Amino acid sequence: MNAIDIVCVTESHFNDNLELAEFTIPGFNTFTSNRNFKLDRTKSRSEISDGGGSVIYIHESIPVLEGSHDSSLDSTSVTIKTDIGEILLGCLYRSASLNESQNMDFLNYFSSKVSLSTDDNREKLIIGDLNCPDISWLSGNVAGPANTTNKSLLLQQSIMDTVHNSGFSWLITDEVTRRRKVGNSIQESTIDQVLCSDNSLVSEFKIGSPLGKSDHVSFIIDLNLFTPEQGHCYDVDDVKRCWSKISEDELLNESYKINWDFSKDTKIMEVEEMWEEIHGKLSSISNLVPHAKPVQSGKIDNYNMPW
């Protein structure tokens, strides 16, 4: 644990009957969301279903914003103070067994964490198991008919729409994040994700083997918590635009200033010449968008089966 400052765990299976000392880590502050509700699909007579929950461990050397910890339906979040400002860390778990009302509560909590507003200057990093197997993170769309009435697909589309509308980036595309044995076959899915408000927040990202008996992979994330004045400078050729850092109004205002007419009659213009003019005008807009350092990603090869 000496090289790790923050640990996020979903499906912690902690409950209010446990003593804090049973799951704390020496030298770390603990922020939990223990399951306090019942899943409709469970057969238990108890008012609270087993499983679920999430926990964030933060090294005691990292200041935590007082009163920033909150939780809802197996998910938890907290805001830390760093050299680059305040960062909201979210550890979210959405059970596939939530009923319609519980799913809406999760969606509202999720939206409150990823939504951007002018009075919220925090960077945001959201980690967790969203249980959205029908989302194609390669395309950023939900696989299914456009006019579907399937509630599961509609919920997943709402989650994806929220991510798009917030301008967040995601680090997982087509990697398998859960591999489990179902009967005589191996089931693979991409249901875990890392979302960030600014790519420059993450300097390196790796996928590791499952921990313990888990059938989910682990994530290893290096955060870039230094300001440019502290020596972190990047070549413009190595960065991309961070569109979440500019408002829609700013983009629209700049586009209104541009004369979109071509300099000559389009009947006598070559396609390349027309594209060069359009490209120049679009570039004047994109140049307003701040740069973000690209994430270095990788995999740790030893993905061992948990069985």
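Among the contacts in the protein between residues with a separation of 6 or more, 63% are accounted for by residues 24 or more positions apart. The model is a predicted one, and its secondary structure comes to four helices and 18 strands. Of the 307 residues in the protein, buried residues make up 39%, while the accessible surface comes to about 17600 Å², with 48% of that surface belonging to carbon and sulfur atoms.

**The largest pocket**

- The largest pocket holds about 1500 Å³ of space, and among the 45 residues that line this pocket, those closest to its centre are Val 7, Cys 8, Leu 211, Ser 218 and Phe 219.
- Several strands give two or more residues each to the lining of the largest pocket, namely S1 (6-10), S3 (54-59), S6 (85-93), S7 (123-129), S11 (178-182), S14 (202-208) and S15 (218-223).
- Strand S15 provides the largest share of the lining of this pocket, with six residues.
- When the lining of the largest pocket is sorted by class, it has 25 nonpolar residues, twelve polar residues and eight charged residues.

**The cavity**

- A search of the whole structure for cavities of 30 Å³ or more finds one, and the largest cavity holds about 40 Å³ of space.
- The residues that line the largest cavity are Leu 92, Phe 110, Ile 126, Ile 127, Gly 128, Leu 130, Gln 193 and Leu 195, and the elements that give two or more residues to this lining are S7 and strand S13 (192-196).
- The largest share of the cavity lining, three residues, comes from S7, a strand that also gives two or more residues to the lining of the largest pocket.
- By class, the lining of the largest cavity has six nonpolar and two polar residues, and no charged residues.

**Cysteines**

- A disulfide is a covalent bond between the sulfur atoms of two cysteines.
- A search of the whole structure for disulfides finds zero.
- Cys 132 has a relative accessible area of 2%, and it therefore counts as buried, since the cut-off for buried is under 20%.
- Cys 196 is likewise buried, because its relative accessible area is 0%.

**The loop between S1 and S2**

- Leu 20 is found in the loop between S1 and strand S2 (28-33), and because its relative accessibility is 52%, Leu 20 counts as exposed, the cut-off for exposed being over 50%.
- Leu 20 and Thr 30 are ten residues apart along the chain, and their C-alpha atoms are separated by 8.8 Å.
- His 13 is also found in the loop between S1 and S2, and with a relative accessibility of 48% this residue counts as partly exposed.

**Residues with a positive phi**

- Most residues other than glycine have a negative phi.
- His 13, although it is not a glycine, has a positive phi of about 65 degrees.
- Leu 73 is not a glycine either, and its phi is positive at about 45 degrees.
- The place of Leu 73 is in the loop between strand S4 (70-72) and strand S5 (75-82), and Leu 73 counts as buried because its relative accessibility is 14%.

Definitions and conventions. Residues are numbered from 1 along each chain as its sequence is written. This is a predicted model: local features need pLDDT of at least 70, side-chain atom pairs count only at pLDDT 80 or more; totals for chains, interfaces and linings use all residues. Side-chain values use heavy atoms; hydrogens and water are left out. Buried means under 20% relative accessible area, exposed over 50%, partly exposed in between (1.4 Å probe, protein chains only). Contact means heavy atoms within 4.5 Å. Accessible areas come from the Shrake-Rupley method with a 1.4 Å probe; for residues, only the protein chains shown count as cover. On a 1 Å grid over the protein atoms alone, a cavity is a set of points where a 1.4 Å probe fits but cannot get out, and a pocket is an open set with protein on both sides within 12 Å along at least five of seven lines; lining residues have an atom within 4 Å of a point. Grid points are joined across faces, edges and corners, and a volume is the space filled by probe spheres set on the points. Ala, Val, Leu, Ile, Met, Phe, Trp, Tyr, Cys and Pro count as nonpolar, Asp, Glu, Lys and Arg as charged, and the others, Gly among them, as polar. A disulfide is a pair of cysteine sulfur atoms within 2.5 Å.
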